[in-house]
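Work through these exercises with the sequence and the model open side by side. Each task is followed by a stepwise solution.

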Amino acid sequence: MGAYLVRRLIHLIPTFLGATFLAFLILQLAPGDFLTRWALDPKIRPETIALMRHNFGLDRPVLVQYLIWLKNLLHGDLGHSFMYQQPVLEVIWPRILNSLILVGLSIVFLYLIGIPVGVYQALRPYTPGDYAISFLAYFGIAIPNFFFMLILIYLLVQFKFAHGWTPFPIGGMTSQGFDHLPPWRQLLDVLWHAVLPAFVVVTADMSSLTRVMRGLVMEVLGQDYIRTARAKGLPQRVVLYKHALRNAIIPVIATIGGLLPTLISGAGLVEVVANWPGMTPLLLDAINQQDLYVNTGIIALSTFLLIVGNILGDLLLAVVDPRIRYG
Amino acid sequence: MGEYRTKSHWQLVWQQFKRHRLALLGGGILLLLYTLAAFAGFFSPYDPNFYTLSPVYRYAPPTPIHFRDPATGRLTRPFVYGLKKTLDLNTFVEKYTEDRTRRYPIRFFVRTPDHPYTIFKVFRSDLRLFGLGEKATAEGARLYLLGSDNFGRDLWSRMVYGAQVSLTIGILAVLVALILGLLLGGLSGFYQGTRIRLSLPLFARATWRYLKAGEARGPGRVLRVFGRGILLVLSLVFWLGLAAGLLYGLVVLTGYSGAGERVIEALLMVPAALWLLSRGLLVPFTFDPDDLVMRLVEILAAIPGLFLLVTLRSVFPSDIDPLMTFYIVVAILSLIGWGGLARTVRGMVLSLREMDYVTAAKALGVPEFLLILRHILPATASYTIVYASLAIPGFILAESGLSFIGFGITEPYTSWGLLLKAAQDGGFASFADRPWVLAPGFAIFLAVLTWNFVGDGLRDAFDPRRRR
Amino acid sequence: MKKAIIGTLALTLALASAALAQAFTWPASWTTAKPGEAKRGGTFVEATISDFRTMNPFLSAEADSIPDRMTLNGIGLVTRDPTTGKWIPYMATSWKVSKDQTEITFKIRRGMKWSDGKPITADDWIMTYRIHMDPKVGSNLRDSFFIGDKVVKVEKIDDYTLRFVYPKPDAEAFAIASYSPWPAHVFGPVYEKQGADGIKKMWGLNEDPGKIVTWGPFVVASYRPGERVVFKRNPYFGEWNKDAAGNPLPYLDAYQVNIVKDTNAELAAFLTGEIDQMNPTTVEQIAQIKKAINAGKLDATLKVNASPIASSQFVVFNWNKKSDPFKERLFRSAKFRKAMSHLINRKAVVEVVYGGLGTPMYGSVYPVLTQWINKDAPKYPYDPEAAKKLLAELGFTKKDAEGYLVDEQGRRLEFNLATNAGNKQREEIAKLFVDEAKKVGVKINFRPIDFNTLVGQLLSKGPDRPFDAIIIGLRGGGLDWPFGSNVVPCRGNLHMWNRSGTCLDPRETLMQYYYYKGRTTLDFDQRVKIGYKLQEVEGELLPIVYIAGPNYHTAWNNRIGGWHPDKIISSIWRSGELPLLYRAK
């Protein structure tokens, strides 16, 4: 097990270097840089822009910039944001936390709803209930998330017009006066704001999970040992939970590790429409403004998490499935 | 049972597919959608870029179609009234009313000689399924099935033309992703464990053996000797160049570092350069292609998709024909999408290559590429088909997302994503005042839904365990 | 009106002692509230589209920043009176201009205090100036202290007297002097000890708000990344800022800016009353607000078409095309450019692109700057027939098989047009232009390209530059002298049509002459006259073909009162003065 971990961690290095260098290269290949749009400001002189470019180190060769970045990384320094004039980690960190809340909640929703629904479908396949659920799940993937969120916000505004209050907040992450609330109220407040966007995020992933779950349970239920268990006269409940579900759920657990990087890459465009101060708005800003080190920093973190997530997934699998051993 | 044996694999699959009612329904709708897209000119009453400036029919609602003669009250051939526009100064929205004094019958199989179109860019025609005719258009009458956009262009015609882009973009992207995924995944799985040599070190015995072997008699000997000589030179230049580059990098880098850091940098980079040098001169460099491909897949998976979409888009030159942007979008989408397929194909190939029939073929001396092409890849076909049908809707959605942030298809072409973006730009007005502009969203929904139905049906059909 | 201020000033001056603050009275004409009507307390909530980047005034580079929000958009010794547009003393009490007009001496108002209670003196301006001027800091304001290549100097005479020394008389002298001071007792010690690096580490977004100090009406109380910044009242501001009835300002307890990255979300927030003010940008948003108001769902005031916005959209043709003499000759011809102006259907642009709520443009002065607009300057409105005639004069009389105009040698009238990809409005303008041009036989190949590539092409130098024509816009450009310092002079880096480094057309030289003449004229009325002349020459030369711009609209929730009277609501003066806003309901 230990040797396995070490090997996986060594594999991490080329992947990490490859991903960050690729990102660096793509970013630098794009025309212009952070300072290009300043050039159209009639109040700024070209000399000033040249000076800033030098100060930011943007006049150096790409490889040198990358090496310097790597060197700083060894000191735990992800570089300096051009936009914020702050260390990248300080800029990214609060956003990561915010995205974590939203994506975390959506993952909870996903498994909390997806697994039972999939099991239900597997127990009653080809019934109207099965079809209805499938259709709803399809509906979720077929509608672009950002658009679904916009529709919900519109409906909330109409609800507010009709009744003078709204069941869910219209965008944002915290209520006004949030800082003066006691901690537990703060937690509730954030969750209350997160429910709707998290729900929207879930709709897109729900169908794949329920479908997978349905298939797995159906497959397991068809196995000989289940028939044996039933033949032994074990109650349906025991057969289902003790024998079928535990085996059917293994592949699903393996996917949990893969969710780690999505935790920080954020919930996508939903965050923009729902005005959630997560990673996506920051990433879009950073790409737009060509804030080199914020971009590279996000890539570096997400690469790291992806690899760690994969390893964790493998380990989890070994824990739940005694047949799997790593040497 | 005897009857079944006579059926081929594909007949069986088709038989199973037919039982999946949703899949059949989906297939039917898709057929319809693709027919609409293919003969867009025929099914649209107007050119998608046709508009007039006097007056501008900005955001006109769908034109009401009348079936009863107002005078007699009897059923008549469908007709529309003329269009009258006023600006509502209270809400700042254009108001459109029917001009009951003018009546225009809807004509079928109408010809529009002033606005011809082409089918597949080859056949020119001006025959349209329905329309009001050129004369009525010149008089300012319009038949907007789904209203108009801010230029006053017919949204239905634009949607039908947009289908060409939106529906093909998924298929093309999947095709490219399939080629990449099958090729790289297949090679990676097949050659897993075989090490490929990437350097011809000057002072290694293996190198000289290799060069000697080239001198063996046979057809194209001169070419072979010459080619291997060039390879030797290339290897030298490449590896020594890399080492020199690294050392140069070190020199430049130390210019930006403090004294202590310089020592560390030198300690890290000089050995690295020496290693490179040794690969060029002493020890052959070999690697497992499987490692390379899988690392590549991992790297692509590590970078957030949205980031790749947007930044790759800005790397490609945008000073190009709008049609090129279409291909670029395809390229970007497939570049992001091939990794998952490659990983799965690799896994399948890994187990396939150990199968008896493959080892037998190998023992019979079947060339490797034929082995892969004839015996291994076909075995992944069922998975590939299912993957493709389920990936297409993903790509269709990705295109709409790309258009949403302004990096997708550009005018004069249009796509459902672009049209949905226009609806989104209208904000709440699109829901409240002109819900018909959401139609492209419904089209996306329909296409994604039906492709999923078909994909599910195919999966069930291919999977012997799910047969009913 | 102005007399009233001076009157109050004189009165307070007479009463002033070392202990008593000399108050600045916010004129009653700047607000719709009657004197004494305003209530105290409450919060005003606004939204902004882009996240704040820093609280550090020396590092902020974006259009909308926390330091600007704290200092009433970065004013200082002087401010402008929105009713007249003239400069009036604000943190100064008076000024004196030297005979040769190169020195202005300001008397600083006594009794002003920072939000931490320390007095505001000349040292604060001096230190602020020093830090801005340090190239290592990289302040965005540094360039504003340059006139050409020469530097404006700021000198301390005594604790309450400052002298600005200009290299020559300058139209923007007061604008330069209006920079906002920052506390020397906060920044000074750090700057002396650690230099620019020390300054750069200060006042980042995660700075403890307790350490932020300002002279302005509100000081940062809290910031949540990507969500909102809350400001609380600076109690010392009211000691020297009074309303017309003599009450201390501001009325509000707090002021909040929500960061809303999506315009739909902003509209939703305004419709549901989460934010108190917004500037709708599209006719769709206006219609939604209007609908909500009409239905009684929203108690708000909507001012539509308050004024044109202060920015421009235009087509610029490249005069430096050595590799293509045919096009170069064409683009350098004023007749050609006038013909192109005749082909731009500005009415259609306003209707299609701006939903009917926009204003056509014919010259470089923004239509909102009414004082500066020379109505008699030549104009070339939409007129395809006139365009045809001008093109015929240039030799384009025949048409080829595809229906495009050709000259005697059979060369087709064809050029490329670019704008930045993703800018929907510009792309639509280009489409209208292309389609109109096609009707008279001019072939335009339109391609939207990446913004940075576009800027690179536009700003490239030399005799052979890589583009034909570009649609782009500019912002900025002041009320003092609305012509760009790097646009009009032939060596300027935004002299976009000709970057050969020299004037090619005698009218360019003349424009440059008028530019410098106006720039070095301190007297406003005289300067306006020179501006008129400049516009006449510009109209003859037409170096840039202007198109049209959207209008400025504003809406506020009636919970908040104290807005500008209608006649001073515009894209320049905005909808109100922050210290005068109050919670009405």
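**Exercise 1. Describe how α15(B) and α18(B) pack.**

Step 1. Start with handedness: α15(B) passes α18(B) in a left-handed crossing. A crossing is left-handed if the near helix is turned anticlockwise from the far one by less than a right angle, and right-handed if clockwise. Helices (H or I, at least four residues) and strands (E, at least two) are DSSP runs, numbered from the N terminus.

Before going on, note the ground rules. This is a predicted model: local features need pLDDT of at least 70, side-chain atom pairs count only at pLDDT 80 or more, and totals for chains, interfaces and linings use all residues. Residues are numbered from 1 along each chain as its sequence is written, while chains are lettered from A and ligands numbered from 1 in the order in which they are written.

Step 2. Get the geometry. Two packed helices are described by the angle between their axes and the distance between the axes. Helix α15 (residues 381-404) of chain B and helix α18 (residues 439-462) of chain B have axes 8 Å apart, at an angle of about 165°. Axes are lines fitted to C-alpha atoms, for helices over the stretch in contact, and angles run from 0 to 180 degrees between N-to-C directions.

Step 3. Classify the angle. α15(B) and α18(B) are therefore roughly antiparallel. The cut-offs: under 35 degrees is roughly parallel, over 145 roughly antiparallel, 65 to 115 roughly perpendicular, and the rest oblique.

Step 4. List the residues. From α15(B), the contact includes I385(B), L390(B) and P393(B); from α18(B), it includes W451(B), G455(B) and R459(B). Two residues are in contact if their C-beta atoms, placed from the backbone, lie within 7 Å.

Step 5. Sort by class. The contact of α15(B) with α18(B) has 14 nonpolar, five polar and one charged residues. Ala, Val, Leu, Ile, Met, Phe, Trp, Tyr, Cys and Pro count as nonpolar, Asp, Glu, Lys and Arg as charged, and the others, Gly among them, as polar.

**Exercise 2. Find two backbone exceptions.**

Step 1. Most residues other than glycine have a negative phi, and most peptide bonds are trans.

Step 2. Q290(A) is not a glycine, yet has a positive phi of about 55°. Q290(A) lies in the loop between α13 and α14 of chain A.

Step 3. L249(C) and P250(C) are joined by a cis peptide bond, with omega about -5°. P250(C) sits in the loop between β13 (241-242) and β14 (254-259) of chain C.

**Exercise 3. Decide where to read with care.**

Step 1. Score the whole: ipTM is 0.82 and pTM is 0.84.

Step 2. Take the chain means of pLDDT (the predictor's confidence in each residue, from 0 to 100). Chain A averages 80, chain B 81 and chain C 89.

Step 3. Find the low points. In chain A, α11(A) is lowest, at a mean of 64. In chain B, helix α1 (residues 2-5) is lowest, at 49. In chain C, helix α1 (residues 2-15) is lowest, at 42. Over residues 1-19 of chain C the pLDDT is below 50.

Step 4. Apply the rule. Where pLDDT is low, the predicted coordinates should not be read in detail.
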